[in-house]
Every structure is written in C-alpha cells, then in structure tokens.
Amino acid sequence: MQPGKMDSLLKSSDWETLDLTGRSVYICSTDGSTGSCIRDAGVNLRIICIASALAFSSLLLLALPPQERIPSAEAKKLKNPVPCTRKSIAQGRISFARYCTPCHGPDGKAQVDVVADATDLTSPGAFKSGVSDGEIFRSIRDGAGETMPPFKTQIDGDTDLWHLVNYIHSLWPEQMRPPLEKDKSKEKDR
Ligand code: HEC
C-alpha cells in the first residue's frame, strides 16, 4: 500500500481517538513487510501507558463486584433473622412474582423459554450455589452463575431478601423444608 494512502485511511478513521497528545499516532506497515512500526517513540510509550491504564481499570471493574459479594464461607454462616412464617412466605411470594418469574417461571421450575438455564428452585438438588439460607440469600442478593443478576439494589432491604429465601424453601418437597414457624402477632412484615 502507498504510504500516502495509508495516511489518509488512518486520518479518516477511528485511529484519531488514540491521538491524545496532539501528535499523530500511526501504526504504519511498509510495503511487503509484515512488521508494523510506530512512528514516534514518545507516542509509543504513551500508548503503552494508556493501554495499561485501560487494562488496569477494567481489572478494577472486574474486581469490584466480587469484593461486594458475600464471600462463600461467610454466606454459609449467615443466619436467617426472619422466621419462616406464613406471613414471610407470602411476602416472598409477592416479590417473587414481581422480580423472578420471567426467568424462574411462576412456579419456580424455570420451565420458561426466556432463560434456558435458570435453576429449578423447587429442587434443592439442582442448586449450584448452595442450599443453606445464607447461600440462597447470597444468590439472590449478589446474583448467581453467569446470568442471574444481583437484586441487592432492586430489592430494598435484607428483610425482603430473607422473605424470598423463606418463599423458596416453601417450594421444596415437604420433607426438605424447614419447619414452619408460628406467626407472632408483633412480627413485622418488613
Ligand atoms: C434474568 C433471569 C433471572 C432472574 C430475573 C432471576 N434469576 Fe435466579 N437464576 C437465574 C439463572 C440463569 C440462575 C442459574 C445461575 C447458575 O448457573 O448458577 C439462577 C439462579 C438462582 C438461584 C441459585 C440457585 C442455584 O443454582 O444455587 C437462586 C436462589 C435464584 N436464582 C433465585 C432468584 C430469585 C429469588 C429471583 C428474583 C428476585 C431470581 N432468581 C431472578 C436467572 C434469573
């Protein structure tokens, strides 16, 4: 390719976004050779700087959510502070209908076309991220696997998340459910 032609190609393209220095940044390939060269060593350095800054910030982005996630060992130790009462299950059912049915289906069995691989919540054996109260809490709060989104911002307050945990238990086969607790008259909904 003619160097002139390359110049005009480069100038008219997105490459100009690389030009943070006021100088032109060209990655030019000379005719016939396979190698490429960068015209200006100073720019070369800058490219490396920009590239590593970008790499670093994307690393940060990747690293941040896990920091906010409840670590797995912690999740196992979490105690459900909300008694598993009919009232709590009813609260959970309301949130479930609102947020969860598109992927898990109205009955929790995930026999929906939308997202093929959502867990069948009626079957504890199918759970991949743990079946203890705390682990289920964490799956809902922080998301699970690749595609289950976190709900900590949408569902306001831990209590509602625990209601969902209690609701999920109520979908399990009877012998695997935790015992139902009696509603106490003073028990708050939220
Ligand atoms: C966008 C689709 C989607 C929505 C909405 C969604 N889920 Fe999920 N959920 C998934 C998928 C997919 C998985 C399986 C993740 C995996 O592969 O581990 C999952 C997994 C889970 C798990 C962990 C099960 C396991 O495998 O250990 C729980 C608990 C859960 N969902 C509960 C809920 C609740 C409660 C809601 C509503 C607040 C909800 N999900 C909303 C897609 C969704």
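Q: Is T153 buried or exposed, and why?
A: T153 is exposed, because 8 other C-beta atoms lie within 10 Å. A residue is exposed if 12 or fewer other C-beta atoms, placed from the backbone, lie within 10 Å of its own, buried if 20 or more do, and partly exposed in between.

Q: What kind of model and numbering is this?
A: This is a predicted model, in which local features need pLDDT of at least 70, side-chain atom pairs count only at pLDDT 80 or more, and totals for chains, interfaces and linings use all residues. Residues are numbered from 1 along each chain as its sequence is written.

Q: Where is T153?
A: T153 is in the loop between α6 and α7; helices are DSSP runs of H or I with at least four residues, numbered from the N terminus.

Q: Turning to α4, which residues are buried?
A: In α4, the buried residues are S88, Q91, G92 and F96. They lie on the same side of α4, because they cover an arc of only 140° around the axis, taken from the directions from the helix axis to the C-beta atoms.

Q: What do they pack against?
A: The buried residues of α4 pack against α5 and α7, contact being C-beta atoms, placed from the backbone, within 7 Å.

Q: And which exposed residues are on the face turned away?
A: That face of α4 carries A97 and R98.

Q: How many residues surround the ligand?
A: The ligand is surrounded by 25 residues, each with its C-beta atom, placed from the backbone, within 6 Å of it. The closest are C100, C103, S129, G145 and M148.

Note on methods
Helix = DSSP H or I, 4+ residues; strand = E, 2+ residues; numbered from the N terminus. Contact = placed C-beta atoms within 7 Å.
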